[in-house]
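Reader: Please show the structure, so that it can be discussed by question and answer.

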Amino acid sequence: MIAGIQSIGPNEWQVPIGYVPGMRVPGIFFLSPSLSETLEEGAVRQLANVATMPGIVKYSLAMPDIHWGYGFPIGGVAAFTLEGGVISPGGVGFDINCGVRLLSTPLREKDLSNRRELIERLFREIPTGVGGKSGMRLSGRELTEILTDGAAWAVRQGYGLAVDTVFCEEEGCMAGADPATVSEKARARGVPQSGTLGSGNHFLEVQVVREVYDDQSAKVFGVSPGQVCIMIHCGSRGLGHQVCTDHLRVLEAATRRYGISLPDRQLACAPLDSPEGRAYFGAMAASANYAWANRQIITHATRKVIESLYGVPYSEMRLVYDVAHNVAKMEEHVVDGKRTRVCVHRKGATRAFGPASPGIPSPYSSTGQPVIIPGSMGTPSFLLRGTDIAMEKTFGSTCHGAGRVMSRTQAKRKITGKEIRESLGKAGILVRAPSDASIADEAPDVYKPSAEVVKVVHDVGLSRLVARLEPLAVIKG
Amino acid sequence: MTFWELEHTADVKVRVVAASLEELYSEAARALMSVIYGRPGDNGVAREIVVLAHDAESLVHTFLSELLYITDVEGLVISRADLSITENELRGTLFGEPFSPAKHSGGREVKGISYSGLSLRHEHGSYILDVIFDV
């Protein structure tokens with residue numbers, strides 16, 4: 001382990017105050033000994049930098065998929081008091097409400113004939129990759145409605161079932177969205193990209209539930225071994241990226257104006273109760289709503305394809321849940337023994353509210369919320385459930401994915417996109433992407449093993465394993 | 001080559017080296033396009049650009065962020081930039097070609113230009129820019 005870091009329990013490490021100057025609280029991260037081998041000192045320094053920000057409470061936290069980002073580390077979680085605390089785009093990321101949803105189907109693996117046609121049809125219906133443009137022609141008024149209403153807008157337009165919104169974090173619509181704080185530039189990027197998947201690590205995957213670890217919770221979530229599910233991983237597209245860029249500039253100036261001293265420019269922030277802080281929150285919430293509408297529209301296209309190919313009634317493809325893993329939210333947590341409203345930043349971390357928590361759908365009240373952890377291309381994804389331990393230790397948060405361990409330059413030297421596609425094909429996983437070059441740096445072994453990351457959060461108790469899903473066919477952006 | 005990728009685990013870190021500031025900006029634009037599209041564009045279309053900022057680092061950051069917007073909304077794959085640059089202002093012309101899926105699908109979207117790790121310096125007669133593209 002890196003010098004200066006203390007073990008405080010199995011898989012639990014503390015970064016003491018003083019690791020970098022100005023820390024107000026200690027840092028804590030969760031990592032197994034084997035995952036520690038690839039821990040970057042830069043990521044730990046970023047975790048410590050977050051601890052210097054005004055109004056931070058309890059700890060600066062990082063999940064076992066911690067790696068070096070900008071501002072916050074990826075996997076970073078921090079909560080700030082509403083009075084005196086700050087909000088920072090560096091604690092959310094460029095892809096606001098990047099998230100994952102899991103759709104269940106009544107199909108079994110053996111029913112899935114003609115997978116090539118399935119993946120080609122999905123690829124045709126869902127605009128994917130760099131330059132992918134939506135077939136929708138949104139008006140300015142419609143975009144404003146999306147920014148305000150999120151997934152509910154899409155459902156109203158016929159892109160889903162009324163019940164879908166119930167099974168989204170925040171019911172697919174974050175309160176406090178203020179479309180007026182979303183620039184014309186961001187809107188111009190948002191109009192043609194609604195309902196598009198994007199590129200990079202975003203994907204749509206046809207999966208099979210390969211193993212169930214917790215029968216009771218799996219039953220509540222409506223998944224069983226051998227069942228075909230669809231996982232959709234994407235975010236707020238160029239609109240969210242532009243909102244982050246625009247507000248970073250404003251907040252950078254605000255940081256100086258409010259006399260906040262920071263060790264990293266990318267932690268630019270403003271008090272939550274300042275005009276600049278409120279404006280960023282309003283724009284971030286609007287972008288989050290855009291992302292929920294986006295995933296809803298993609299869900300609709302997916303259901304239509306499966307309905308027409310396999311005769312599955314649209315309404316029998318249930319949304320298990322939709323989680324956001326890049327977002328800041330107002331939540332109530334116990335701080336110094338008192339329930340306190342705080343602004344929780346999750347930057348590459350998933351909410352993992354435990355049983356009976358407010359804000360989770362009532363059918364999941366007994367289990368805790370579903371937590372969806374996407375694998376990287378060709379590796380398993382996991383369904384877990386939120387816990388009381390997460391509520392105590394991490395403001396109800398857990399990991400969000402695998403986390404890269406190999407740079408893109410290294411990856412490209414090792415294996416080509418064509419080789420990746422062919423080797424996955426041999427393993428029974430069809431990959432469809434705009435080009436082989438676009439998958440060249442996404443080989444499965446450039447990420448930490450997702451199973452190992454998930455095992456840490458399971459062992460620590462930040463969430464509990466429910467099921468493992470394995471890919472059958474993947475669309476990569 | 002006047003730009004190349006440096007090792008970076010999560011994102012894309014690029015170093016650009018040029019004899020003049022003007023050339024540095026033009027090469028930085030080509031580097032950004034190479035990441036997004038797998039290659040920079042070819043000449044064909046011209047478009048004016050003006051960017052203002054409060055210091056040299058902010059200027060290059062704002063310039064590259066503006067290119068993300070232009071390429072996304074206008075579908076322009078930039079081939080070079082012909083600019084005149086002062087400490088906090090640049091103006092000039094971008095050249096490029098319209099996006100074509102058959103030609104430009106070899107890369108990945110860049111979500112933003114990171115301030116972390118951004119450095120612009122003048123050493124031994126060369127301008128050197130290190131910048132991280134968030135992907």
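Reader: How many helices and strands are there in chain A?

Author: This is a predicted model, in which local features need pLDDT of at least 70 and side-chain atom pairs count only at pLDDT 80 or more, while totals for chains, interfaces and linings use all residues. Residues are numbered from 1 along each chain as its sequence is written, chains are lettered from A and ligands numbered from 1 in the order in which they are written, and side-chain values use heavy atoms, with hydrogens and water left out. Helices (H or I, at least four residues) and strands (E, at least two) are DSSP runs, numbered from the N terminus. On that basis chain A contains 13 helices and 19 strands.

Reader: What radius of gyration does chain A have?

Author: The radius is taken over C-alpha atoms, and the globule rule is 2.2 Å times the number of residues to the power 0.38. For 477 residues a compact globule would come near 23 Å, and chain A agrees with this at 21 Å.

Reader: What percentage of the residues of chain A is buried?

Author: Buried means under 20% relative accessible area, exposed over 50%, and partly exposed in between (1.4 Å probe, protein chains only). Of the 477 residues in chain A, the buried share is 65%.

Reader: In chain A, what share of the contacts between residues at least 6 apart joins residues at least 24 apart?

Author: A contact means heavy atoms within 4.5 Å. Among the contacts of chain A at a sequence separation of at least 6, those joining residues at least 24 apart make up 77%.

Reader: Which strand do the buried residues of helix H12 of chain A pack against?

Author: Helix H12 (residues 417-426) of chain A has A:Gly417, A:Ile420 and A:Leu424 buried. Seen down the axis of H12(A), these fall within an arc of 60°, so they line one face of the helix; the arc is that of the directions from the helix axis to the C-beta atoms. An α-helix has 3.6 residues a turn, so residues three or four places apart point the same way. The buried residues of H12(A) pack against strand E18 (430-432) of chain A.

Reader: What is the relative accessible area of A:Asp336?

Author: Most residues other than glycine have a negative phi. A:Asp336, which is not a glycine, has a positive phi of about 50°, and lies in the loop between strand E12 (326-335) and strand E13 (338-347) of chain A. A:Asp336 is exposed, with a relative accessible area of 74%.

Reader: Where does A:Glu171 lie?

Author: A:Glu171 is a residue other than glycine with a positive phi, near 50°. Its place is the loop between helix H5 (151-156) and helix H6 (184-190) of chain A.

Reader: Which pattern does chain B follow along the sequence?

Author: Chain B has two helices and eight strands. Read along the sequence, they give the pattern β-β-α-β-α-β-β-β-β-β.

Reader: What radius of gyration does chain B have?

Author: The C-alpha trace of chain B spans about 40 × 35 × 25 Å along its principal axes, and 58% of its 135 residues count as buried. A compact globule of 135 residues would have a radius near 14 Å, and chain B agrees, with 14 Å.

Reader: How far apart are the mean positions of the positive and negative charges of chain B?

Author: Lys and Arg count as positive and Asp and Glu as negative, while His and the chain ends are not counted. Each charge is placed at NZ of Lys, CZ of Arg, CG of Asp or CD of Glu. For the 11 positive and 21 negative charges of chain B, the mean positions are separated by 5 Å.
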